[in-house]
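Have the picture ready and follow along.

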Amino acid sequence: MASANPKTIYMDNNATSRVAPEVVEAMMPYLTESYGNPSSMHTFGGQVGEAVKTARKKVADLLGADPEEITFTSCGTESDSTAILSALRTFPEKRHVITTRVEHPAVKNLCDSLQTVTGHKYKVTRLKVDSEGMLDMAEYEAALTDDTAIVSVMWANNETGVIFPVEEMAAMAKQRGILFHTDAVQAVGKIDIDLAQLDIDFLSLSGHKLHAPKGIGVLYIKRGTLFVPFLTGGHQESGRRGGTENVASIVGLGRACELAGEKMAEENGRVKQLRDKLEEGLLAKVPKSMLNGHKTARLPNTANISFEFVEGEAILLHMNQHRICASSGSACTSGSLEPSHVLRAMGVPFTAAHGSIRFSLSVYNTEEEVDFVIEKMPAIIASLRKMSPFWKG
Amino acid sequence: MWEYTDKVQEHFLHPHNVGEIEKPSGTGDVGSLACGDALKLTLKINKDDIITEAKFKTFGCASAIASSSVLTDMVTGMSVDEAAKITNEDIASALGGLPKEKMHCSVMGREALEAAIADYRGQVLPMAQGEIVCECFGVTDLEIIRAIKESSLRSVEEITNFTKAGGGCGKCEDKLREILQQTVSGKESAVPVNVKLKPKRMTSLQKIKKIEEVLEREIRPGLRKDGGDIELIDVDGDFVIVSLRGACKSCHKSQTTIKEYVEKKLRELVLESLIVEEEN
């Protein structure tokens, strides 16, 4: 029923993305005839080990890293937890963590639990953002102390696409001997990353955001960084993460990283142009609409737009009637009763926060699709405003 | 994705009786923008006490819109006394059920209906009395006790689903658990309800609503004349965080505007203790 047939207009790529056909093709042998265990002594398994090795190299190439710095995990969340908890175990005497108010729940809720579960053994600084979603570097600099074990700051925000200056922030942490982790789940594959040149100690990525399957992630651990595993078990991943390798997905992720490298120019060219067209079209055609997040320091594929005085879930379900897929930061879509913590941290007024829609594109989107969305949205918003008690149109 | 019944979908996509009756016999205005849902119900009632027309305007999700729509269908043709007996469960079942997390949408419908009937009868709503338990969403103990009894609620989570209480900061969870225990064990009935009727403190939400009203009525027109505007960003206790827009934003007198003009007006018309600050 809900298959992504040609009529479905998928603009929710920050939630998850289509598995590239090339990726499926690369994976198939490891879901069928090549089922060996990479750790086995026989050639049958050893060949599979070779495939994992090749994939590791491809992931490393996209990030400007060495293959030995790449550890495969099950998802972005596991990578985030592994990095932050490793830092705390490495420096048990340090009791301070710096993060931001707009992190993904994978980092935000972990940091919250560091305080609540441990009975406030840890102090957590959550950096503020301004109305465009940007950090105050002076606040960051002042927050770095001798007690700080790790800084965890996302590279790009999943809701607004705003990009943080993690290169500079990592360098500042390094100067004071503080470990730096970045949740780069939304950034990898969308913007150029060259870790060899940077002071980033840990980086998390997630396969399904860049056209690989769900259930595969990576933690980059810079060479020389002290590390304590999260999953203890077998000797897989050089003893950094126990558990038999998810071979097919690892191979798929390798292929997806290779494709992402090839398509980086298209992502920052054609996809960005489509995004700009969509954004400008909607802001021009729908009165009382506004962009959330910095205009330029932003991922090329993401546009978060608020339509004032209407509610996000209602908008999404009307869009659904036209088979347009997107997300909202409204309270009703999350299952919680409050709107997105990211928009609230930015000080987006309630009139707008409840009516925010995130469009996130990919290389699979076309200009026809963008035109169709620009054509349909004004009537959807107008019909909902007509029944809103707050709309004085 | 929520599992909505066909009936919910139908009322959401093609709502009935959208609008506002001119010179209504009774009006029920509940919820707020800050809460994420709000409903304005207007009723036309004839001399025989029959509801001849009902219209709604709703800001909210699919189930809020569907609940409002089906409610207007239900009450049309009913006597006021009959309508007064409608419960939130009746609204939900008319829609073929609602997801449990969305039951508060049907409660909002019932509240708007009660408010409209009280308005028609010239009565004060009993539920608006009582003591605020959940400050985030402005829910009183009486509302919570009523929901527990009417819908046989048995957990704090269910209370949140039905009334929103506890769905914000979560600080009132212990209090909710206490009310639940007392209500289920029947202890609260030992205290006559009217003993508890004391004037309501102003909740954050009431404050926000009132502040918005004053900004709109008293402050914006003056600022707009000068090409400026003001936006309410947040209300945290007595702190009112605002942001000046347009010409006001770059005006070197903005601090004076905020303290001398905005703060003075809000203290005069909303609450003496308010402190207005510009968002940094």
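## What counts as a pair

Two strands are said to pair if DSSP finds at least two bridges between them. Keep in mind that this is a predicted model.

## The sheet of three strands in chain B

With pairing in hand, look at chain B, where 3 strands form an open sheet in the order 6-7-8, with mixed pairing. Strand 6 (228-236) and strand 8 (275-278) of chain B are the edge strands, each pairing on one side only. From one strand to the next, the twist averages 30°.

Strand 6 of chain B pairs with strand 7 (residues 239-246) of chain B in the antiparallel sense, over 8 bridges. To find your place in this pair, look for V235(B), which stands opposite V240(B) in strand 7 of chain B. Helices join the picture too. Helix 10 (residues 204-225) of chain B lies across strand 6 and strand 7 of chain B, at about 165° to strand 6 of chain B. Helix 12 (residues 254-269) of chain B packs on the sheet and touches strand 6, strand 7 and strand 8 of chain B. The direction of helix 12 makes about 150° with that of strand 8 of chain B.

## A hairpin in chain B

Elsewhere in chain B, strand 2 (residues 37-45) and strand 3 (residues 51-59) pair in the antiparallel sense over 8 bridges. Here L43(B) stands opposite A54(B) in strand 3 of chain B. The hairpin has 5 residues between these strands, and D49(B) takes a positive phi near 70°.

## The sheet of seven strands in chain A

Now turn to chain A, which has an open sheet of 7 strands in the order 2-8-7-6-5-3-4, with mixed pairing. Its edge strands are strand 2 (70-73) and strand 4 (123-127) of chain A. Neighbouring strands are turned by 20° against each other on average, direction ignored.

Within this chain, strand 5 (residues 148-152) and strand 6 (residues 179-183) run parallel and are joined by 3 bridges. The bridge partner of I150(A) in strand 6 of chain A is L179(A). Helix 6 (residues 166-175) of chain A packs on the sheet, touching strand 4, strand 5 and strand 6 of chain A, and its direction makes about 160° with that of strand 6 of chain A.

## A nonpolar patch on chain A

Which residues form a nonpolar patch on the surface? They are V24(A), M28(A) and L31(A), with about 260 Å² of accessible area together. M28(A) lies in helix 1 (residues 21-31) of chain A. With a relative accessible area of 39%, M28(A) is partly exposed.

How values were computed: Residues are numbered from 1 along each chain as its sequence is written. Chains are lettered from A and ligands numbered from 1 in the order in which they are written. This is a predicted model: local features need pLDDT of at least 70, side-chain atom pairs count only at pLDDT 80 or more; totals for chains, interfaces and linings use all residues. Side-chain values use heavy atoms; hydrogens and water are left out. Helices (H or I, at least four residues) and strands (E, at least two) are DSSP runs, numbered from the N terminus. Axes are lines fitted to C-alpha atoms, for helices over the stretch in contact, and angles run from 0 to 180 degrees between N-to-C directions. Contact means heavy atoms within 4.5 Å. Patches are made of residues with over 30% relative accessible area and no salt bridge: like charges are joined within 9 Å, nonpolar side chains (Val, Leu, Ile, Met, Phe, Trp, Tyr) within 5 Å. Accessible areas come from the Shrake-Rupley method with a 1.4 Å probe; for residues, only the protein chains shown count as cover. A salt bridge is a side-chain nitrogen of Lys or Arg within 4 Å of a carboxyl oxygen of Asp or Glu. Buried means under 20% relative accessible area, exposed over 50%, partly exposed in between (1.4 Å probe, protein chains only).
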